[in-house]
Amino acid sequence: MQYRKIGPENLEVSAIGLGCMGMTHAYGAPADKNEMIRLMAEAVDLGVNFFDTAEVYGPYDNEILVGEGLKTYRNKVKIATKFGVHLEHVSTGAPIPDSRPEVIRASVEGSLKRLQIDCIDLYYQHRVDPDIPMEEVAGVIEDLYKEGKIRGWGLSQATSEDVIRAHAAFPLTAVESRYSMLSRDFEYSLFPVLEEFGISFVAFSPLANGFLTDQYNKETKFEDEADYRKLMPQFSGENYDANVVLLDLLRKLSKEKEATPAQISLAWMLAKKPYIIPIPGTRKLHRLKENTGAVDIILTDKEVKDIDQALDNMELGAVFGGTKKDK
């Protein structure tokens with residue numbers, strides 16, 4: 001495994017982390033608890049030390065699972081979690097931001113207890129709350145930092161304007177958002193801001209919710225009603241047909257590099273910027289090993305440039321959760 005330092009705190013995290021959401025949330029019925037605990041242990045053995053969760057996943061179930069799975073590895077791992085979503089609305093598919101100071105303080109105490117830790121390494125505002133000034137949120141965060149309850153903070157799914165305002169109030173460690181070969185809008189808007197201020201970027205869904213693994217086709221059916229992929233346009237109809245050109249590119253590169261499409265996708269991301277940390281999620285050990293193996297796939301600057309040029313020339317179909325508003 002390779003490691004990268006993020007934020008002003010210089011937290012050292014594995015170049016590829018593990019997104020834990022899907023273990024209990026969004027991809028159908030929760031996975032077996034004991035199997036997921038073993039998977040987290042295997043991840044640590046593979047050198048992964050960066051784990052991502054949130055109080056809203058479940059809600060609460062995911063933090064409890066991560067806390068149980070990592071309690072014996074506390075000195076070896078960095079744990080990121082999130083606050084700022086009104087939990088009562090999550091099941092409707094329309095989470096409501098709520099970053100009132102009293103809510104943040106209740107959230108951090110709950111997360112610390114569920115994760116079985118005394119300090120959260122990276123604490124994200126899950127959604128920017130338009131009703132609470134960013135400076136007020138940052139003030140609470142600064143207090144939590146001084147109290148030793150968090151080591152760093154970040155924003156999730158925020159615009160460049162949000163980042164600039166938040167960082168001015170209290171320095172950010174990282175921004176977490178959707179990013180993959182299929183969803184690159186942040187390259188043009190957010191990345192220059194991150195580079196200016198030395199803020200890291202944590203990429204969730206770096207494999208486009210599994211699309212870039214090349215393990216699905218447009219006939220694939222996600223039977224479980226709780227599986228969010230049923231709603232994701234990249235897997236269906238004309239969008240899938242339009243996106244096949246990207247899969248063709250990945251197949252070609254995979255053959256050349258003796259790798260898998262998923263590994264090429266992650267290796268491309270790692271080669272793009274030194275401050276990017278992808279956090280692919282999985283429930284399966286062989287996928288975990290495949291994902292972490294991407295650190296051994298070397299792409300030259302020219303190869304990355306050629307891939308970017310090819311992507312720029314593609315007319316790709318829709319992808320879930322685009323970021324056009326921030327361009």
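Is Arg165 buried, partly exposed or exposed? Arg165 is partly exposed, with a relative accessible area of 44%, where buried means under 20% relative accessible area, exposed over 50%, and partly exposed in between (1.4 Å probe, protein chains only). The legends below concern a predicted model, in which local features need pLDDT of at least 70 and side-chain atom pairs count only at pLDDT 80 or more, while totals for chains, interfaces and linings use all residues. Residues are numbered from 1 along each chain as its sequence is written, and side-chain values use heavy atoms, with hydrogens and water left out.

**View 1. Confidence along the chain.** The protein averages a pLDDT of 93, and 95% of the residues score at least 70; pLDDT is the predictor's confidence in each residue, from 0 to 100. Over residues 323-327 the pLDDT stays under 50, and for this stretch the model has 14 contacts beyond four places in sequence, a contact being heavy atoms within 4.5 Å. Where pLDDT is low, the predicted coordinates should not be read in detail.

**View 2. The crossing of helices α3 and α4.** The axes of α3 (residues 101-115) and α4 (residues 134-146) come within 10 Å and cross at roughly 35 degrees. Axes are lines fitted to C-alpha atoms, for helices over the stretch in contact, and angles run from 0 to 180 degrees between N-to-C directions; helices (H or I, at least four residues) and strands (E, at least two) are DSSP runs, numbered from the N terminus. On the α3 side the contact is made by Pro101, Ile104, Arg105 and Val108, and on the α4 side by Glu136, Val137, Val140, Asp143 and Leu144.

View 3. Glu63 forms one with Arg114, the closest N and O atoms being 2.7 Å apart. This pair links distant parts of the chain, with Glu63 in helix α2 (residues 61-70) and Arg114 in helix α3, 51 residues apart. Glu63 is buried, with a relative accessible area of 0%, and Arg114 is buried as well, at 18%. Glu135 forms a salt bridge with Arg165, where the closest N and O atoms are 2.9 Å apart. Here Glu135 belongs to helix α4 and Arg165 to helix α5 (residues 160-169), the two being 30 residues apart, and Glu135 is partly exposed, with a relative accessible area of 40%.

**View 4. A buried loop residue, Thr173.** Thr173 is found in the loop between α5 and β10 (174-178), and it is buried, with a relative accessible area of 0%. Leaving aside its neighbours within four places in sequence, Thr173 is in contact with several residues, among them Ile6, Pro8, Leu122, Trp153 and Ser200.

View 5. Most residues other than glycine have a negative phi, and most peptide bonds are trans. A cis peptide bond, with omega about 0 degrees, joins Gly58 and Pro59, and Pro59 lies in the loop between β4 (50-52) and α2. Asn10, which is not a glycine, has a positive phi of about 55 degrees and lies in the loop between β1 (3-6) and β2 (11-14). Ser205 has a phi near 50 degrees, also a positive value, and is found in the loop between β11 (200-204) and α7 (237-257).

Methods: A salt bridge is a side-chain nitrogen of Lys or Arg within 4 Å of a carboxyl oxygen of Asp or Glu.
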